[in-house]
Amino acid sequence: MATRRSNRAVTAATAATLGVTLVVVVGCAAPPLPRSQPTAAPPASTSPAAPTTFPDTAAGGVPPGAVETVLVSEAEAAARAAAPPVMVIDATVPLGPDHVCAGVDGMASDPTRLSATDDVAGIVVCDSQWAYLLGDGTWRVTSEHRVPEADLTTVADALRHPDEVAEPDTACSLIHIETPAVTVETMDGRRLNASVPRDPCHPQRDVLEVLGGVVTGQSAENRWRTERLQTDAELTSSCRPQEEKVGVISGDGLTQPPANAAPLTVPPEAADSGAAACLYGPAGPPAEPGTLDLVAQGTVDAALRDRLIASVTRTQPADRPGCTPADPWAGTAEGDTHLVLASPVTEWEGVPQPGYPFLALETGPCARVLDGGYQLAGWADPAVAEQVRAVARG
């Protein structure tokens, strides 16, 4: 199974069960990294790429800027691997403001539809991608792409399209489409935050293709970092700094009997290398309500991990009466409540990729176990559970 995946709408455990790879498809961008990161664009120093051609929507195509969650086969995932490389930057890319395109703050000015009377002098299309800053994690990067003079009329005409009116009882898909910011410079010196024409549900596909062609076909005039997405420490560890309390993250799943739950599985990349063991508890006041802090972490070898999974029973043991699915996770005398087993850190095109959780284990006497979708999977042997906890505590 391919290893590029996202948990944007379906858990990794669900994808593994279905035997497919979960991918977020984004027009004119690279396949996503885990944890639903924004997609990458080629470095501005590379040769401009040719505008991307997208299949018709009816055939399942996704226009530039469109974000859609789909399950794809191994062959499809492999085909999408031939994508633009990860953008790697250094500290010479400066920090800058968010939501700004060619000097226009998109949060401070309402979008304006370009009219027939607006005499266009220039158009700048701004793209927002993620990039890896060596030694300093991933960042969101804004880039400005100027429309060539020869193409100004084509792009301006696309921005002047009228909105399409919805017919009665129009049903819209849940696909989320992110549109690039567009700043239009007029002959009389104005800078407009140009709106993108819409169909009854989404930005118009033809217009997105035109704007996407500018981003892929023109090198960036300027680019800057706006916000850090992940620190380098987060990228090089499969243990998140904080974890939601089990009752919050699993919701109704804890109240469901595990008899019909899918078997516990190990991700292919963790088959031989074991797993990260991330221990959570109240190590001081939590930063936010409903969260627990990472208090310790270690690496569980494959033998102990498999022994833990083999010890899980789907029926509540008779000697643990206070351990029903609905009973709270009490935790240990030291204050930790549970640990998470996650796949190991991998690497994609030089960028560290943290693993994802595939099992949660209660560290108290009940030793309840949740699967990768945080649904109750059963009860583990407390002695084996304590061995795993001991490894996490070091």
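**Close-up 1. Pairing of strands S15 and S18 in a predicted model.** Strand S15 (residues 338-342) and strand S18 (residues 357-362) run antiparallel and are joined over five bridges. Strands pair here if DSSP finds at least two bridges between them; strands (E, at least two residues) and helices (H or I, at least four) are DSSP runs, numbered from the N terminus. Leu339 has Leu361 of S18 as its bridge partner. The model is predicted, with local features needing pLDDT of at least 70 and side-chain atom pairs counting only at pLDDT 80 or more, while totals for chains, interfaces and linings use all residues. Residues are numbered from 1 along each chain as its sequence is written, and side-chain values use heavy atoms, without hydrogens and water.

**Close-up 2. The open sheet of seven strands.** The order is S12-S14-S13-S15-S18-S19-S20, with antiparallel pairing. Strand S12 (242-244) and strand S20 (376-379) are the edge strands, each pairing on one side only. Neighbouring strands are turned by 30° against each other on average, direction ignored.

Close-up 3. Helix H7 (residues 302-310) touches strand S13 (275-281), strand S14 (291-300), S15 and S18, contact being heavy atoms within 4.5 Å. The direction of H7 makes about 65° with that of S18; angles run from 0 to 180 degrees between N-to-C directions, and axes are lines fitted to C-alpha atoms, for helices over the stretch in contact. Helix H8 (residues 382-393) also packs on the sheet, touching S13, S14, S15 and S18, and its direction makes about 95° with that of S14.
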